[in-house]
Amino acid sequence: MALTQPEWFGDLDAWWTPAVGDDVARHVEPVGTDDRGRLHVRCSSPAWRTQTRLLAAQLVARVNELLDADAQVSGIIVQTVTGPVPQIIRDRWSDIVGEDLADQVEPVSLGAQGQELCTVAASSWARDQAVQRAPQILARIRELIGAQCTITRWCPSTLKPVVVLVAASPSLTARQAVEDVLLQTWHDAVEAFGIEHSLVLEHGRETQADSFIQEWAASLQLPDGTGPMSVSIPADTARHHHHAQDIRDRQLAARHPDLCLILVRSTDEVLPLEEHAAAAGIPLQRCVLV
């Protein structure tokens, strides 16, 4: 789909940054509009892509308050592809940021038309250290790439989210029991990782419990987009037919989330996703609910 940039689009400081705030604007970049009036954006990380989708309706309303009547947008489309980080930066990352930060801060994409380096950090300490070193980091990148280097800014790191993969028995219908487990999981994530790390709940769309998870996370969303995020990932039945769920489950486990939460109705019930997670070495937490 071809994208265009209307005359009003160019000055992002006039309509985008005031509408969404500096924090969102650093991580979510408008790239154009389509023939249906939808605004396409590019995000600095998977966590920001998820959060932008959750906040899309609010962001559209705020943007339209600042645009003229003939320049209203009808929705937001979050692109899945971001500007790639040059391989030479990934190969020399330890030299660029220092050995103590190399495994704590990861380059993920380029934003602002290739001018800004976007990263994710494992902790607030690593994020703050990277910000302090940003001038030296950028200087090393320019020296490494040479005159053709377009990177001039450091985007403060997003903290890595805590990702919990959730699988539930198809016969599980106890909404309150599911919500109690989710609330405890959120509490445990805050205790273990800190309140600044967002909680992302990845799950399918096949069971009633999947709906409970999505509705629970949506009910806790605060105006600034904080709180647990639900990401429902359907099986590609059109492409993979009867093996769709198994392939989807294998792919989810291969992404190595922080925890796999299994919700079943009996101690002897074993879900397919549980077996894939165990094979991948992902920590498992089983909860028997009635």
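Reader: Which residues count as contacts of V164, leaving aside its neighbours within four places in sequence?

Author: Contact means heavy atoms within 4.5 Å. By that cut-off V164 is in contact with T185, L199, V200, L201, E202, L259 and L261, leaving aside neighbours within four places in sequence. The model is predicted: local features need pLDDT of at least 70, side-chain atom pairs count only at pLDDT 80 or more, and totals for chains, interfaces and linings use all residues. Residues are numbered from 1 along each chain as its sequence is written, and side-chain values use heavy atoms, with hydrogens and water left out.

Reader: Why is strand 7 called largely enclosed?

Author: Strands are DSSP runs of E, at least two residues; helices are runs of H or I, at least four; both are numbered from the N terminus. Buried means under 20% relative accessible area, exposed over 50%, partly exposed in between (1.4 Å probe, protein chains only). In strand 7, 7 of the 7 residues are buried, so the rest of the structure largely encloses it. Both faces are covered. V162, V164, V166 and A168 lie on one side. V163, L165 and A167 lie on the other.

Reader: How do you know that strand 7 pairs with strand 8?

Author: Pairing needs at least two bridges found by DSSP. Strand 7 and strand 8 have 4, in the parallel sense. In one of them, V162 partners L199 of strand 8. Strand 7 also runs parallel to strand 10, joined by 5 bridges. There, L165 has C260 as its bridge partner.

Reader: What makes the unit of strand 7, helix 9 and strand 8 right-handed?

Author: The test looks with the strands pointing away from the viewer: right-handed means that the path from the first strand over the helix to the second runs clockwise. The β-α-β unit of strand 7, helix 9 and strand 8 is right-handed on that test. Strand 10 and strand 11 run parallel, with 5 bridges. The chain crosses between them through helix 13 (residues 272-279), and this crossover is right-handed too.

Reader: What makes a set of residues the largest nonpolar core, and which of them have the most contacts inside it?

Author: A nonpolar core is a set of buried Ala, Val, Leu, Ile, Met, Phe, Trp, Tyr and Cys residues, joined through side-chain atoms within 4.5 Å. The largest has 23 residues. V164, L172, V178, L201, L261, L263 and L289 have the most contacts inside it. Strand 7, helix 9, strand 8, helix 10 and strand 10 each give two or more residues.

Reader: Why is S230 called buried?

Author: Its relative accessibility is 12%, so S230 counts as buried. S230 lies in strand 9 (residues 229-232). Not counting residues up to four places away in sequence, S230 touches L201, H203, I213, Q214 and A217.

Reader: How do you know that the buried residues of helix 1 line one face?

Author: The arc is that of the directions from the helix axis to the C-beta atoms. W15, W16, T17, A19 and V20 are the buried residues of helix 1. They fall within an arc of 165°, so they line one face of the helix. They pack against helix 2 (22-27), strand 1, strand 2 and helix 4 (56-66).

Reader: Why are strand 1 and strand 3 called edges?

Author: The open sheet has 3 strands in the order 1-2-3, with mixed pairing. Strand 1 (28-33) and strand 3 (75-79) each have a single partner strand, so one side of each is left without a neighbour in the sheet.
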